[in-house]
Amino acid sequence: MSVSPHLNQTKTLTIAVTGLNANDNPGPGLGVIRALRDGFGENLRIIGLAYETLEPAIYLSDQVDKTYRIPYPTAGVEALKERLQQIQEVEHIDVLIPNFDAELFNFIKLEKELLNMGIRTFLPTHQQLADRDKVNLQAFGNKHGLEVPASETILAVSELDQMADKLGFPLVIKGKFYEATIVQHISEAYKAFYKLQAKWGLPIIVQQFIKGTEINIAGLADGEGNTLSVIPMRKMYITEKGKAWAGITIADDKLINLAKAFAKASQWKGGFELEIMRDEKDRLYIMEVNPRFPAWIYLSAAAGQNQPRMLVDLALGNQVKELTAYTAGKMFVRYAWDNIIDVAEFQKLSAFGEL
Amino acid sequence: MKLKANIATSENGFIFNPATGDSFTSNGIAAEILTYMKAGESEAEIKQKILDRYEVELCQLERDWDDYMLQLKEANLLDL
């Protein structure tokens with residue numbers, strides 16, 4: 001059970017959340033917000049932090065109370081700090097939950113300064129962030145005895161032929177931050193390389209293809225080697241981009257133990273997602289480790305373990321005990337919804353950077 | 001042949017394996033057999049009930065039984 005003095009809070013708790021891009025490659029922001037609203041009830045104010053004007057959750061006024069645009073991660077730490085200071089003077093944010101891989105480096109860098117502003121976070125360290133990076137995942141797996149597919153990092157398209165000879169087809173070609181393409185032939189590999197390079201830059205990761213069942217695990221760990229919550233989910237409907245559009249919670253101790261082993265090995269602090277492939281011989285391969293909650297995180301709350309709420313409690317310094325019970329067979333089925341807004345709202349965010 | 005302990009079944013023949021997330025639908029007679037298996041009845045007891053209740057020859061029942069058990073095994077629903 002998690003313990004929070006905020007269930008009957010009289011003071012409004014203000015939480016800032018990024019990742020409002022609830023599109024076909026969804027960010028976790030909306031799921032996090034929904035779980036927080038479930039967990040804290042009234043007296044909760046949600047501040048959306050958006051990079052782009054068309055991030056869909058910005059316009060869901062029953063979920064997001066106010067949105068501010070923030071500078072892209074490439075603008076650097078100082079630009080982000082300056083913008084957050086401006087926002088903090090108005091909003092008095094208690095806790096901030098970043099939800100994008102690409103922005104985490106800057107937020108971790110600002111952790112102490114944010115705290116000085118009164119904004120609490122619960123984030124992994126830079127070292128932890130680097131260890132689970134796609135580029136370093138194989139070394140991490142080897143070091144801690146965790147099964148990961150063979151992979152190589154390449155900087156030039158000419159290296160693809162050698163990788164193909166070494167790993168064989170099919171191959172998985174992965175972008176630095178996001179996206180992966182399964183290729184059957186060297187010409188497809190070249191195409192995928194150029195496409196991912198153009199979008200996410202170098203390096204490109206070339207990974208052995210593992211055939212099996214796709215399972216994701218959402219977890220929360222305390223930074224001292226302990227997991228406080230683990231929810232495994234089997235993907236039931238997968239989009240062309242490889243995203244789960246429907247999924248179901250499953251009960252499997254092997255998966256729970258794998259998440260615990262990861263948290264212990266990495267001393268992970270904060271939310272995380274393990275992308276797992278279970279092959280025909282029941283081996284569990286860690287395909288990727290995402291350093292934040294997944295987009296389907298609301299399922300954790302629906303299944304009985306509200307991980308975003310637990311993370312807020314941890315950030316606030318409240319006592320949080322490990323949860324082990326949850327409902328297996330709880331499903332999510334995502335849907336698309338045309339939200340109608342007036343151009344004035346769009347204009348306001350575009351012109352003034354807030355809505 | 002024993003059904004895995006964690007397998008959930010319903011009267012209408014829906015089968016759910018909470019360890020894998022797999023779900024299946026079965027017809028009336030298959031659902032009935034599952035109910036007996038869940039109750040811990042032996043293969044011989046279940047077969048006798050089917051013979052008593054339905055017009056079916058023993059040899060036909062045996063063939064259908066083997067076929068059904070094979071399907072349950074392939075679906076990873078049996079405790080082997």
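The model is predicted, so local features need pLDDT of at least 70 and side-chain atom pairs count only at pLDDT 80 or more, while totals for chains, interfaces and linings use all residues. Residues are numbered from 1 along each chain as its sequence is written, with chains lettered from A and ligands numbered from 1 in the order in which they are written. Helices (H or I, at least four residues) and strands (E, at least two) are DSSP runs, numbered from the N terminus.

**Helix α1 of chain A**

- Helix α1(A) covers residues 29–40, and its 12 residues reach 16 Å from first C-alpha to last, close to the 16 Å expected (1.5 Å times one less than the number of residues).
- 9 of the 12 residues of α1(A) are buried, so the helix is largely enclosed by the rest of the structure; buried takes 20 or more other C-beta atoms within 10 Å of a residue's own, with C-beta atoms placed from the backbone.
- Among those buried residues are Leu30(A), Val32(A), Ile33(A) and Phe40(A).
- The cover over them includes strands β1 (13–17), β2 (44–50) and β4 (95–97), plus helices α10 (298–302) and α11 (307–315), of chain A.

**α1 against α11**

- The axes of α1(A) and α11(A) come within 7 Å and cross at roughly 75°; axes are lines fitted to C-alpha atoms, for helices over the stretch in contact, and angles run from 0 to 180 degrees between N-to-C directions.
- That makes the two helices α1(A) and α11(A) roughly perpendicular (65 to 115 degrees).
- On the α1(A) side, Val32(A), Ala35(A), Leu36(A), Gly39(A) and Phe40(A) make the contact, and Pro308(A), Arg309(A) and Val312(A) do so from α11(A); contact means C-beta atoms, placed from the backbone, within 7 Å.

**α7 against α8**

- Helices α7 (residues 160–167) and α8 (residues 186–200) of chain A have axes that come within 10 Å and cross at roughly 125°.
- Leu160(A), Asp161(A) and Ala164(A) of α7(A) meet Ile186(A), Ala189(A), Tyr190(A) and Phe193(A) of α8(A).

**Chain B on chain A**

- 5 residues of chain B are in contact with 8 residues of chain A.

Terms used
Contact = placed C-beta atoms within 7 Å. Parallel < 35°, antiparallel > 145°, perpendicular 65-115°, else oblique.
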